[in-house]
Amino acid sequence: HRTPFCFGLHTAKQGFFCLFDDWDVYSFHINSTVTSRYATTVITSRVANRMDESKEIEFHVRLPKNAFISKFRIYLQIKNFTLKNKLQDTQQCVHLHKGFSCSLGRTLEEFKTSVTVAAHKKVTFELTYEELMKRTHGKYELQIHARPMQPVRDFKVDVHIHEEAGISFIDVKGGLSTKPLANAITKTHAWVYFYPTVYQQKMCDSCGDQGMNGDLVIVYDVNRDNGLGHIKKSDGYFVHHFAPSDLPRIRKNVIFVIDQSGSMYGRKIEQTRIALVHILNDLAEDDHFGLITFDDRISYWKRKLVQANSKNLESAKNFARNIQDRGSTDINEAVLQGARMLNEHNREGSASILILLTDGDPTSGVTNLEKIQSNVRQAIAGKFPLYCLGFGFDVNFNFLEKMSLQNNGVARRIYEDSDADLQLKGFYEEVATPLLTDVTMIYVGGTNLTQTNFSHYYNGSEIVVAGEITDNNIETFTPQVVAISSNRRIIFSNPNETVESTGTVSDDHIQRVWAYLTVKQLLEKELQLSGPEKEKVKKEAMELSLKYSFVTPLTSMVVTKPPGENTDVLHKPKEGETSQRWPSPGGQPNLAHLTPASGYSGQWVLSGEQIKPIQQHSPKIKDFKEGTLGKNSSKEKGKTIFG
């Protein structure tokens, strides 16, 4: 624990001002710019060592799981040498000491490093990360976590939103938007800023002498038509946002496959019952549905799908309320039976969905994971998506994620918290209203496209495609969307409208959106493959990560420090990876920590603002005499810029 000195007049506005007895975070800024749903966030922390001796200064921040770190710099008052951040293949760093990785819950991961600062000197940390905003429930959410570790005199959060389509609404929520802190938030149509006083920084539910520790969540949506959507082009690249809403909902056929094995005992099975009853209440009368529960045996509410009329819903809710935990886990047979029921219920003009909820590994029937995935893929045969919900951390999430991706779905972890039933209901609401099926995005004159085929499009979501424009010829570039709405084929196109060419954003902005999406989708593809195909996709994703300076699950950032200090290696661990430490070999560097995500290994070197691959050797610290710093470093007023 660190003891602060406090002085000054106590006023309702400012309160006491405190300096900690060892180091002082005197400035902490978060600046986020959102352009066409792509957010670039820069966190800058300035710290002074107030002691008469050298002190280890820590930089410890949290960022969204969906983001890629793209730059990290340290500005340090020091002479005689420079530091370099490098990106390096984790496989070539096996001798490096790993620090720890820990799960920070549902949406955040953690970055932590430190550097020794001389007596009465200062250090500046600057971290940049990027993310493509995902639209769910009809809105985008930008999550900013503020945790400066002490009250800060100069604390600022600025969020600038640039959407040429126009912003339809904007709001601010999160733990830092309540109580006295709400008065520190100013919201305009496209700018939100948050400048709390030292006094206000102690007033939120999670605030105190250690300052703020919480989230600001900027919520907004854009104006949109119901045609082809928004297409932006810059420097030979394009990004297309497609989210029509003025469409009739498609009747759906949905089967819930629910794990009732012994491990679901207690709160998990209770919350599952509650969630199922709520979900059943939300079914439309023209929907058809079925319920399957399983342990080592399969139990059916009914062996065929039935209409969601009041009589059937009441019977199904009674069935759900009486689900009891028992037995082992036969995932294979349960999912196959759900697929069989949907395949037998071929209703014209409807959309079928299969949802699996489980909390553990298969322990009964077929237990070989690859065999189960093969069986399920063969049974579904691309006809409908499979969504897998993994309850808690005993489940093999990698297995569920791969099985979902192989069948045009996604996997989602359900956290064992008091609101688990709301998490289940919230996921269902994302897929509750299909508007289109068999969506094909067509781009004549386009190349190097991201994913262009989508089994379902749901109300409140958005389809995003990016790519290159062949020969940068806007005149021959023609976008079109073809899909099924209920039982009719529908085409979205604007033959008389030219694609918007933007001159208000940086030339590489749209290109970085393309790179971000491409890397994300290659990582998903790599998860599904094996052998030479897997290695080919992995290599492609790694090369793009290196080119665009993204810290991804295939790459690690090596933060090289002054002589005598450990080297930190930042990596992106697997989803759900818990805190762990490895014994440090004598004198070896430590792996810094970024947590958690789906993870694999990879390798880079970051030098200055450029990333270079390292083939064989670990990064080494080089000493530089004053005046002989490398070309990627710079000096300003006695400061050496690292990274």
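**Close-up 1. Helices α7 and α8 of this predicted model lie roughly antiparallel to each other.** Here α7 spans residues 509-528 and α8 spans residues 531-547. The crossing of the two helices is left-handed.

**Close-up 2. Let's look at the side of each helix that takes part in the α7-α8 contact.** From α7 come Trp-514, Thr-518, Val-519, Leu-522, Leu-523, Lys-525, Glu-526 and Leu-527. Helix α8 answers with Lys-534, Val-537, Lys-538, Glu-540, Ala-541, Leu-544 and Ser-545.

**Close-up 3. Strand β12 pairs with β3 and with β15.** Strand β12 covers residues 154-162 and runs parallel to β3 (residues 23-35), with 9 bridges joining the two. To find your way along this pairing, look for Ile-30, which sits opposite Val-157 of β12. With β15 (residues 191-194), β12 pairs in the antiparallel sense, through 4 bridges. A handy landmark there is His-160, whose bridge partner in β15 is Trp-191.

**Close-up 4. Phe-59 and Phe-111 form an edge-to-face aromatic pair.** The whole structure holds 26 aromatic pairs. In the one shown here, the ring centres of Phe-59 and Phe-111 are 5.9 Å apart, and their planes stand at 75°, so the pair counts as edge-to-face. Phe-59 belongs to strand β5 (residues 55-64) and Phe-111 to strand β9 (residues 108-117). The pair thus links distant parts of the chain, 52 residues apart.

Conventions. Residues numbered from 1 in each chain as written. Predicted model: local features only at pLDDT ≥ 70, side-chain atom pairs only at ≥ 80, totals over all residues. Heavy atoms only, no water. Axes fitted to C-alpha atoms, helices over the stretch in contact; angles between N-to-C directions. Parallel < 35°, antiparallel > 145°, perpendicular 65-115°, else oblique. Left-handed = near helix turned anticlockwise from the far one by under 90°. Contact = heavy atoms within 4.5 Å. Pairing = 2+ DSSP bridges. Phe/Tyr/Trp six-rings, centres within 6.5 Å; stacked < 30°, edge-to-face > 60°.
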